[in-house]
Every structure is written in structure tokens, then in C-alpha cells.
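Subject: Structure handover

Hello,

Here is the structure I promised to pass on. Please open it alongside this note, which goes through what was found in it.

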Amino acid sequence: MVVVVGRVRTDPERREDLLRIGQSVAAASRQETGCISYRVYEDSELENDFVFVEEWESSEALRMHFAAPHVAEFMQAIPATLVAPRDVKFHTIASTMALADVGNL
């Protein structure tokens with residue numbers, strides 16, 4: 001699995017545009033083959049700071065995602081909504097366990 005975590009900052013004037021663009025790419029991405037989850041969250045301590053969290057079945061699914069037209073539209077539109085450089089990290093996950101399994105370590 002590949003997890004993508006993207007952090008972005010906007011301002012009150014551009015906030016609604018960021019939300020519209022972010023929710024649009026999230027909804028379209030969730031329909032893609034290989035997308036486990038794609039969500040947009042607001043930081044509860046920093047107003048106008050948002051986190052995009054994507055979970056993909058494989059690197060190949062993520063590559064296909066980046067080739068999708070809605071991603072190209074997103075990449076073109078999102079910079080106009082930001083007030084700071086975006087911070088995007090890609091994490092390859094080898095295994096996952098539930099909270100209930102933590103006690104079994």
C-alpha cells in the first residue's frame with residue numbers, strides 16, 4: 001500500500017476555492033481503481049491548514065492516478081489557493097494492524 005500525505009495552507013479569502021478543488025479531486029479519485037481512500041481534513045489547531053490523505057493499493061495504482069485528467073486539473077488549480085509551499089510525502093506501507101492487535105506485539 002502507498003499512503004500519500006499532503007499538507008497545504010490557505011487563507012480565508014481562498015479557503016472556499018481550496019475546499020471546492022480538494023473535494024472535487026477527492027470524489028473523482030475515490031472512483032479510481034486501486035484507491036482505498038482519499039480524504040481532505042482540516043487541522044483542528046491551525047485554521048486554514050489542510051491535510052490530504054490518500055491510500056492506494058499499489059504504486060501502479062498511484063501512477064495511474066497521476067495520469068488521470070482530474071489530477072492534472074487539480075495540479076493546475078491548487079497553487080492559486082495556497083499561501084505557502086505544499087508539503088507532500090509518499091509512504092510505502094509494508095504491513096498494517098488494528099489497534100486491537102497492538103497488545104499482541
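Strand β1, residues 2-9, pairs with β4 in the antiparallel sense. Six bridges join these two strands. One of the residues to look up is Val-3, whose bridge partner in β4 is His-91. Please keep in mind that this is a predicted model.

The β1-β4 pairing belongs to an open sheet of four strands. Their order is β2-β3-β1-β4, and the pairing is antiparallel. Which strands sit at the edges? They are β2 (35-42) and β4 (87-92), and each of them pairs on one side only. From one strand to the next, the twist averages 10°. As background, strands of a sheet pair through backbone hydrogen bonds, in either a parallel or an antiparallel way.

At the end of β4, look at Thr-92. Thr-92 is found in that strand. Thr-92 has a relative accessible area of 69%, so it is exposed.

Now the whole chain. The protein has three helices and four strands. Along the sequence they follow the pattern β-α-β-β-α-α-β. The C-alpha atoms fill a box of roughly 50 × 35 × 20 Å, taken along the principal axes. There are 105 residues, and 35% of them count as buried. Take the contacts between residues at least 6 apart in sequence: 66% of these join residues at least 24 apart.

Next, the helices. Helix α1 covers residues 15-30. It lies across β1, β2 and β3 (49-56), and runs at about 170° to β2. Helix α1 has 16 residues. From its first C-alpha to its last it reaches 22 Å, close to the 22 Å expected at 1.5 Å a residue.

Which residues of α1 are buried? They are Leu-18, Leu-19, Ile-21, Gly-22, Val-25, Ala-26 and Ser-29. What covers them includes the strands β1, β2 and β3, along with the helices α2 and α3 (69-77).

Helix α2, residues 59-66, lies across β1, β2, β3 and β4. Its direction is at about 125° to β3.

Two single residues deserve a look. The first topic is Thr-81, placed in the loop between α3 and β4. Is Thr-81 buried or exposed? Its relative accessibility is 3%, and buried means under 20%, so Thr-81 counts as buried. Its side chain reaches the backbone oxygen of Ile-78 at 2.7 Å. Leaving aside neighbours within four places in sequence, Thr-81 is in contact with Arg-9, Thr-10, Arg-14, Asp-17, Leu-18 and Ile-21.

Ser-37 has 19% relative accessibility, and the cut-off for buried is under 20%, so it counts as buried. Not counting residues up to four places away in sequence, Ser-37 touches Val-53, Glu-54 and Glu-55.

Last, the aromatic rings. How many aromatic pairs are there? The count comes to two. In one of them, the rings of Phe-52 and Phe-74 have their centres 5.7 Å apart. Their planes are at 55°, so this pair is tilted. The pair links distant parts of the chain: Phe-52 is in strand β3 and Phe-74 in helix α3, 22 residues apart. Both Phe-52 and Phe-74 are buried.

The other pair is Phe-66 with Phe-90, which is also tilted. Here the distance is 6.2 Å centre to centre, with 50° between the planes. This pair too links distant parts of the chain: Phe-66 is in helix α2 and Phe-90 in strand β4, 24 residues apart. Phe-66 is partly exposed, with a relative accessible area of 38%. Phe-90 is partly exposed as well, at 47%.

Best wishes

How values were computed. Residues are numbered from 1 along each chain as its sequence is written. This is a predicted model: local features need pLDDT of at least 70, side-chain atom pairs count only at pLDDT 80 or more; totals for chains, interfaces and linings use all residues. Side-chain values use heavy atoms; hydrogens and water are left out. Two strands pair if DSSP finds at least two bridges between them. Axes are lines fitted to C-alpha atoms, for helices over the stretch in contact, and angles run from 0 to 180 degrees between N-to-C directions. Contact means heavy atoms within 4.5 Å. The expected span of a helix is 1.5 Å times one less than its number of residues. Buried means under 20% relative accessible area, exposed over 50%, partly exposed in between (1.4 Å probe, protein chains only). A polar contact is a pair of N or O atoms within 3.5 Å; within protein, one must be able to donate a hydrogen and the other to accept it, and residues adjacent in sequence count only if both atoms are side-chain atoms. Rings of Phe, Tyr and Trp (its six-membered ring) pair if their centres lie within 6.5 Å; planes under 30 degrees apart count as stacked, over 60 as edge-to-face and the rest as tilted.
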